[in-house]
Structure formats: C-alpha cells, structure tokens
Amino acid sequence: MPGISDSFTTAAAFHSAMAILTARRFQRLALLTVVALVFYILLDQADYVAIPMVPKTGQYVQSTYDWARRRMKYPFDESKLIKLPEGIPRELPRIQYDFSQDEASESHIKTQKERQEAVKQAAKKSWNAYRKYAWGRDELLPEKLTGKDTFAGWGATLVDSLDTLWIMGLKDEYKEAVQKTATINWDKTTSSHCSLFETTIRYLGGLLSAYDLNGDQVLLDKAVELGDMLYAGFDTPNHMPANSFNFREAKAGSLRPSMGESSAAAGTLSLEFTRLAQLTGDPKYFNAISGVTRALEKTQDDTNLPGMWPVFIDVSRNEPENPISATGSSFSLGASADSAYEYFSKMYVLLGGLDPTYKKLHMKSMATARKHLLFRPMLPDLYPATPPDVLLSGNVYANGQDIIDLQPQVQHLGCFAGGMFALGGKLFHEPAHVKIGEQLARGCAWAYEAFPSGIMPEVSEIIPCPAPSSAPSSKDEEEEEFPRCKWDDATYKEANTAPGRYPKPFRAVQDPSYLLRPEAIESIFIAYRITGKKDLLDIAWRMFTAVQKATETNEAYTAISDVNVAPGEEQADAHGRGGTRSRTKNSMESFWIAETLKYYYLIFSEPDLISLDDYVFNTEAHPLKIPKPGKEAEGKEGLDTEKEA
Ligand code: DMJ
C-alpha cells in the first residue's frame, strides 16, 4: 500500500488531485443549491413546517408536520367568528332515572356483577388479541390474526379503545395504550387521505374522552395536534368541511367540499370540535363547525321533507350565506344520515343549554321523523298474552310535492334512534319522545330475538302496520299514535317473494350480516338509564349472549355474514370447507371495543358510572364531560377531571 506522501510526489499529480477536489466541491455546492431551492419551493407552496422528531415529555413524540402553523388559504373573516356561547351553563333537566329509590336485592347485584364481568372478559380477550397480533394497526383481523389499516394507519383500535379500558378498570392495558398513543405521528400514514368524519369520531373523540376521564395531558396534546390537522378540512372556499381529507391537498389548501356529501359526515363534527374548543380555550374549532350548523338551520324547512335533510347534500356551493343545497329525495335515520340528527340534542347539552339553535334543530327534525319515518311492524300471532310494544324506523322517499312514501327498511345503524328520542325527550320535557325512544329501543331488541342467531341483520325489510289514517280503529286504537294491527297472512304472502325464508314479519333481508355494531344495545342502555326498567337488563343480557355465541373466535370476536343461521348450524360451503368459519367475515372494527362492549359493560354497571347527567356520548360512544353550572364553560380550569373508575 503506497504512503500518503507518495501520492503527491509530482506537481502533475498534485494539480490533477486539486482539479478533482475543486470539481467535487462544485458538484457538492450545486447539489446543495438544488436541495435548498426545492426545499424553498415546497415551503413556499404548502406552508410546510417540518419539526424534528423530538420527544416533548417522556415518551411523547410530536408529529413531524405542525398543522397549527400552516397558513390558511381561505382564512375566516375575523369580524364574523362565531364564539362559544358565553355565560354560566344552565341547570339541565335530570336525565337518568333516580335509581336510589329502588332497593336492589342481593341477587340483582350478584347478577349484574356476573354479567358485567362476562363483558369485561370479552373486552379483555379482544384487546389482548389486538395487542398481540395487530399492535398499533387500525384493526385486528380476528381469523387471520394479523393487522390491517383502514383508517390511515394511526392505530384506530388503539385510540378508540382508550376510554373503554379506563372505564373497565383495565389499568395496565390502559397505561400501555396511552404510551403507544403518545407516539402517534399524524404525518405518518398508510394512505394518501383519511375521512374527516371517521377520524373525528374515532380518533379525536377517543382522545378527548380519555382525557376527560383521567386528565392525561399527553392525550390532550395529541388531540390538539390532530384537531389542528382536521381543522384544515374547513380551509375550503365556502368553509364547509371536505370529508375526503387528502393530506397533500390539505397542506396545499386545495381541498374541496363535495357536491354529494353524506349529511352525517357534514353534521357529525360538532361535538368533538366543540369539546376541543372548550378544553383548549381556542374558539377556532367551534367557529368552524358553527358554519355547518348555520347552513343546516337555513335549509331545515326547505327540503322535500321539511324538518329533515336528504341523506346526501351538496356542501360545495360557493355562496357564503348559502353554502349547502339539500334537494335530494331520500330521507333516513340510518346509514349516512344517522349521527347528523344524533348530535343536535347532544350539542345542546355540551353547550350547557346556552344555544337554543340546537334545541330547534332537534325538535323539528324529530317531529318530522316521528310523523313520517316511524312505524309499528305487523306482528305474527306469536304473542297471545302481551305482544311487544315496539316501533321501528324506516326510510322515506319524498318528491317535495305529492309523494311521501315510507319504505319499511330496517337498518341496524338506525337502531341508535331509540336512544336519541329518549334522551331528547328527557332533555326537552317531551314524555311522548321518551316513550317513542323506549318503543324504538325495544323494536330493535325484538328484531334481534326474531332471528335464529338472536341478532338482527344489517339491513332488512319488514311488513308495517297500516299508517294511522287508514288503520282500522277501535276505542283503544284511537288513543294510539301508532296503532297496532292484526297479523294478515295474505298481506304477508303478497309482499313476500320467499315466504318462510325469513322470520315473520320480515319479507326480505338485503344484508344478513352482523358487523359487531353497537346501535341496538346503545338504545337499550340509554332507555334503561332513563326509565330504570329492569326487564331491559335481561333483554341486554340475551342480546349479549347471542352476540357472544355467534361471533366469538379462538382469540377474539368477528363480524359474521348471516344472522339468519343459528350458530353451530352453519353448513359446509360448496367446496366442503365448513362450519362456523365459512360464515365469518374476519373483521373486528374498532367500534366493537369502543362502543358495543362499552355499552354492554355500562348497562350491567352501577348507574352512576358514566352517568348521562355528567357525560354526553359522541357517536362512537366516547363520553365527553358536560360543563356544569358554577363551573366555567370554557377553558380547562373549571372542569372536573376526577377519576371515574
Ligand atoms: C360507528 O363508527 C359510529 O357509531 C357511527 O356513527 C356509525 N357506525 C359505527 C358503528 O356501527
């Protein structure tokens, strides 16, 4: 090997070495200039603010893009900002039944405890499987035992489950989940875009709720990082939210609201953004959602079914005063519309009763739904003694002129309506709504029991009793808003292409699956907390055991494809692959732990655990703390963050 001095023994060698070095220096300089130029252009175009991955406190990892420092392309007019209502929260009517007046027997307490423990074990099993096979991913695939990313890959099940773990007293699991949550980087995703709606209800709602329960600062910090990102969804020419949140477009300020947006996506951001404004004291989040509220208010009386909005609305109009147009003809409390209605009364509660707009929105829409969407099913003669007193909610086609047509389709998603009616009825002193709420809740529970698996399908169609005007009247029936009717075999056969295929009075099942959804138990839970009727506990237990039997796998729980088949009676498929496994859908969405198991757990718990007088649930079952009189409505200081479990 030659020595270093040997390389420079001649001048020629020295000069050629210098020439090479100089050329390299120029190359490096040119490269650096290009990099700096590209960086400058990007920074200028997208207001990009990169921040180093420096843990803030402990294990906290800050996201690598700071959305709070991004300049808005369409800034709100400062002089027209809508602020959180000022003043002391009002004393709201008591929501929960006064359970203290009932003496609970020892056997009742024992049964409740056993049932509560069974639900807790189901949650533990589900969580352990998620932790073992899908840690940090969005969902567990309960059959394949691996993870899948369906909500941008930040860990939907992780964040959605936080408050459930806390409420169930699974402290170690909770602690570990918080540590993992603190490392989420909202700028690192598995997809080019996310749904503003889903990200808000599952992630933001999950973080805010867990923070409300235990006051872990890291959760609020992560919520603020996320809230600032989602806020960019309102940076559109008319300030209506763009549900399809493309990260690149959001950074560049080129998101556009849709001409065919689901009303649920537009109307279901309010609770979470309001709570974020209350907890941070930053009114910008509340201002953003208030624009949607005002637009809904403006169009409420002017649709084909006044009081309600079509399932899909145009939120893209470039008229600042009229940014939405609601001209469609399909109306429903089910898929794509549901939580838009759910949030009105809940917003009234979260704002301490200080904004009457939400009461108006709720009362008008419920009056319309009550008149046109609700119906009593024609029940078979199976119940000679006491036929169940049940209602269901269907869809309506309305052309705005002479047609208002009820389509008696029953969706599992629509089963939340019982809870919504009952809650609003208590809140706004409408006992008839409480009664309707209970009838609707019992309607879905009845539909559960009608099917061989003990679970109702995702979408089905049923024979309704005739509408009140044409119903046969008797003395009793005159009193009844939704008159009962006698079973009529001819009507059943006429309306049914395959009589006997489904339990009476179901005439079709469009989607026979059960996806581990919560809405039916959600309404039974709310009906129980409001009425105190103990038979609802047995109904809930029957529902839980049916769900457990049909959906439990070796290590977790799975959505199933056909509720019309009793568990254990599944046939092998055409290829001889058999039994129960061929009926599963290999899916465990994050709402199984976040919602379904939480509601089952709470109904078997002491009624003051997450009392409806202290918390309001977002649509993903995340309880948010209600500001109380005597405590400040805004800012964190006045909020009670005492531990719940
Ligand atoms: C949840 O994500 C929410 O409850 C949403 O409002 C409707 N669908 C699912 C549960 O079924």
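Helices here are DSSP runs of H or I with at least four residues, strands are runs of E with at least two, and both are numbered from the N terminus. This is a predicted model, in which local features need pLDDT of at least 70 and side-chain atom pairs count only at pLDDT 80 or more, while totals for chains, interfaces and linings use all residues. Residues are numbered from 1 along each chain as its sequence is written, and side-chain values use heavy atoms, with hydrogens and water left out.

Now step back into α18 itself, residues 519-531. Its end C-alpha atoms are 18 Å apart, which agrees with the 18 Å that 13 residues should span at 1.5 Å a residue, because the expected span is 1.5 Å times one less than the number of residues. The helix is mostly covered, with 13 of its 13 residues buried; buried means under 20% relative accessible area, judged with a 1.4 Å probe and protein chains only.

E519 also brings us to the ligand. One of its polar side-chain atoms lies 2.6 Å from a ligand oxygen. For E595, a polar side-chain atom is 3.0 Å from an oxygen atom of the ligand, and for T619 an N or O atom of the side chain is 2.7 Å from one. The protein covers 92% of the 290 Å² of accessible area that the ligand has on its own, an area from the Shrake-Rupley method with a 1.4 Å probe. Among the surrounding residues are I201, R202, F591 and E595, where surrounding means having a heavy atom within 4 Å.

Next, the strands. Strands of a sheet pair through backbone hydrogen bonds, either parallel or antiparallel; pairing here requires that DSSP finds at least two bridges. Three strands form an open antiparallel sheet in the order β12-β13-β14. Its edges are β12 (409-411) and β14 (506-511), each pairing on one side only. Between β12 and β13 (residues 459-462) there are three antiparallel bridges, and V410 has S460 in β13 as its bridge partner.

β10 (residues 395-398) and β11 (residues 404-407) pair in the antiparallel sense over four bridges, with Y397 partnered by D405 in β11. Five residues lie between these strands, and in this hairpin G400 takes a positive phi near 80°.

Terms used: Buried means under 20% relative accessible area, exposed over 50%, partly exposed in between (1.4 Å probe, protein chains only). A polar contact is a pair of N or O atoms within 3.5 Å; within protein, one must be able to donate a hydrogen and the other to accept it, and residues adjacent in sequence count only if both atoms are side-chain atoms.
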